[in-house]
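Reader: I am new to reading protein models. Can you take me through one, feature by feature?

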Amino acid sequence: MLTTAVTDSREACPGALFVCVPGSRVDGHDFAAAAVERGAGAVLAQRPLPPVGAPVLLVPDTVTALGRIAALWRSKTRARVVGITGTAGKTTLKEVLAQVLAVRGQTARNALNHNNQIGMPRAMLATDGQEDFWVLEAGISHAGDMDALGSVLRPDLGLVLNAGAGHTEGLGAKGVAWHKARLLHYLASGGLGLICADYPDLVREAGAYDADVRLFSATGRRADFAAAYLGPAPLSGAAVADGAENPPPIVEQGLFRVRLEGVTFTLAAPFRGAYGAENVAAVAAAAHVLGLSMEEIAQGLGRAVLPAQRLARQRLAGWLLLDDTYNANPLSMQRMLEAAAGQAVGAPLVAVLGEMLELGAQAAPCHEVLGRQLAALGPAAVFWKGGQAEAVHAGLQRGGYGGPWLPVADAADFATTWEKTAGRLPGGVVLFKGSRGNRLELLLAALRERLGRSEAARPE
């Protein structure tokens, strides 16, 4: 019996369907025999293969066929299926919502950002079908992607977190909001759409569908559900004796006021600032319409943990390091800069940023706007890695910024430049954020090493 699907022969195991995916550098058909040797029970291929020792299912397109198999499995599950999309923060939302729903029942989700036409169906086929909830992220970068994903997903709840510039190079002239709202076309019978009211283009596009749509807001707009950031929550974490080895991590949370259809309550969540309010509103609204109580929502958010490289915090040698290196687009960059500035009140703010990729013709103007947004925050120093440096610098200058502008080539260059500039500051807040191609996590690792040495050298 087949119980899962894999596209990497090294992941093959008994009960696996090996899906041959042709690529520009590697063709999965060349590894079918190896997958069978590792236990794969059958092979899905789009061209004839020599005998491999297992049944070969021949189809015109293996990725399309994988989606259709997942769609069949989706039709047989008892789970209530949540589909999530948006421009910024959808992976974080998916991870946190899944943790909240797990308070009520068994919950499955796609791992990390495995949200495309291969990753999402594979996640669906890895479930046992008896879960109470599936929480699945749909990521799109080209026209037609949402049609491919939505037709497989058929969500009972379609949640669109936000819409802004992102993957504009591939999404074309209809606009990001149009493509995100397309999820509503694929709602299951009796399904519900949940849309953020704070994006007028998104609300307009959602209105084009004959769907039951409800709104949430983090800005005070008229909506069924809302959340507002109240400030930092008291530090949480188990009490330990002084000098104890391996103390548990201290979790820095924010306090939020949440309104669900007229009922208002306060809770703690692992977010800060305006972007956090948007996430909390979305999570609380989704959990509420899926039947969770206020107590369950507060419990789930109170113990939720954010995924790695999503505004992860570390205090070291007088600095608060904010790691948001996973990816970047104009909306997520703006949100994280605002969040970092909110935590740097009264202390220096240093920005270590990288180019935002896949913006096409909008790349230069979006980076110029980024520079002006950054200038308004008054950073103590700005480090930059990657292209579009001229556009960012122009925006900084037009915004009145006259502080250090420090383009760097790699981690070694960054470490040297830091020592000469920001390294002379007594401490503060430093944000690392950029598209994945910039590998800013390497710069962050270099700073951690430097600050770790400084902290170790401090007298006790």
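Author: Start with what a record can tell you. UniProt positions are given here in the numbering used for this structure, feature names are shortened, and annotations may be inferred rather than shown by experiment. In this case UniProt, in an unreviewed entry, lists residues 317-436 as "domain: Mur ligase C-terminal". That span is 40% helix and 22% strand, and its end C-alpha atoms lie 27 Å apart.

Reader: What should I know about the model itself?

Author: It is a predicted model: local features need pLDDT of at least 70, side-chain atom pairs count only at pLDDT 80 or more, and totals for chains, interfaces and linings use all residues. Residues are numbered from 1 along each chain as its sequence is written, and side-chain values use heavy atoms, with hydrogens and water left out.

Reader: How many helices and strands does the protein have?

Author: Helices (H or I, at least four residues) and strands (E, at least two) are DSSP runs, numbered from the N terminus. The protein has 15 helices and 19 strands.

Reader: How many residues of α9 are buried?

Author: Buried means under 20% relative accessible area, exposed over 50%, partly exposed in between (1.4 Å probe, protein chains only). In α9, 14 of 17 residues are buried. Across the protein's 460 residues, 53% count as buried.
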